[in-house]
Amino acid sequence: MSMAIALSPVTTIAVVGGGEFPVRRIYCVGRNYAAHAREMGADPDREPPFIFMKPADAIVPSESVVPYPSKTQSYHHEIELVVALGGGGRDIPPERALETVFGYAVGLDMTRRDLQDEAKAMRRPWDMSKGFDRSAPCAPISTVSEVGHISSGAIWLTVNGETRQKGDISDLIWSVEDTIAFLSGLVELAPGDLIYTGTPDGVGAVVTGDRLDGHVDGLTDLRITVG
Ligand code: MN
């Protein structure tokens, strides 16, 4: 097939041990840790988690310098466990959901919090507060065959060596399998899809020059610097 314009490159993420994971879609879960839901002014007992998206080319590899984005004075970090799918389907039951997982990684759901607050107040979409350029830093993916499934363990983020966020994967309101099952009822999931599973409490702003180090037990750490 001949393309009328040059074909955009496929976004990929390194796989620990070799190879590249081609990214298809990025789904994100909002308010998936009760303490974070409360810090955002929501009641986790009354408002269940929900889904939003980022474009695939928002991915930034670990060890990058990420330019401070335009149109914000409140550029926030959200450290998250990322699920990388090697399978997919529709209406996947929770008990079969983990069969679709290729691996796991540490990710950051970077957010223009001021634009998000404005969008919430005006009942407008979140795309420009969540799905902007380079808004999805992601460390190399560890395969299930190497590290197994991640259902508990520490997740934390430091900024310039100081702890900002600290939680445990076992505190997810929707577990990995529940999230895959729920999401597959809304859309057909496919190999290459990523799911950012939500952030624990302690989100906050970063500025130019800050170094962010993210960690989930058992996975490869994520490090970026704000440029
Ligand atoms: Mn998030």
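Modeller: Before we start, "contact" here means heavy atoms within 4.5 Å.

Colleague: Okay, what share of the contacts between residues at least 6 apart in sequence join residues at least 24 apart?

Modeller: That's 76% in this protein. Keep in mind it's a predicted model, where local features need pLDDT of at least 70, side-chain atom pairs count only at pLDDT 80 or more, and totals for chains, interfaces and linings use all residues. Residues are numbered from 1 along each chain as its sequence is written, and side-chain values use heavy atoms, with hydrogens and water left out.

Colleague: Got it. Which residues coordinate the manganese ion?

Modeller: Glu78 (OE), Glu80 (OE) and Asp109 (OD), at 2.0 to 2.1 Å. Donors are N, O and S atoms within 2.8 Å of the metal (3.2 Å for Na, K and Ca), and water is not among the atoms, so sites may look incomplete.

Colleague: And what spacing do those donors follow along the chain?

Modeller: E-x1-E-x28-D. Glu78 sits in the loop between strands E7 (75-77) and E8 (79-85), and Asp109 in the loop between strands E9 (101-108) and E10 (111-112), so the pair ties together parts 31 residues apart in sequence. Strands (E, at least two residues) are DSSP runs numbered from the N terminus, as are helices (H or I, at least four).

Colleague: Is Asp109 buried or exposed?

Modeller: Buried, with a relative accessible area of 1%. Glu78 is buried too, at 4%. Buried means under 20% relative accessible area, exposed over 50%, partly exposed in between (1.4 Å probe, protein chains only).

Colleague: Switching topic, how many helices and strands are there?

Modeller: Six helices and 18 strands.
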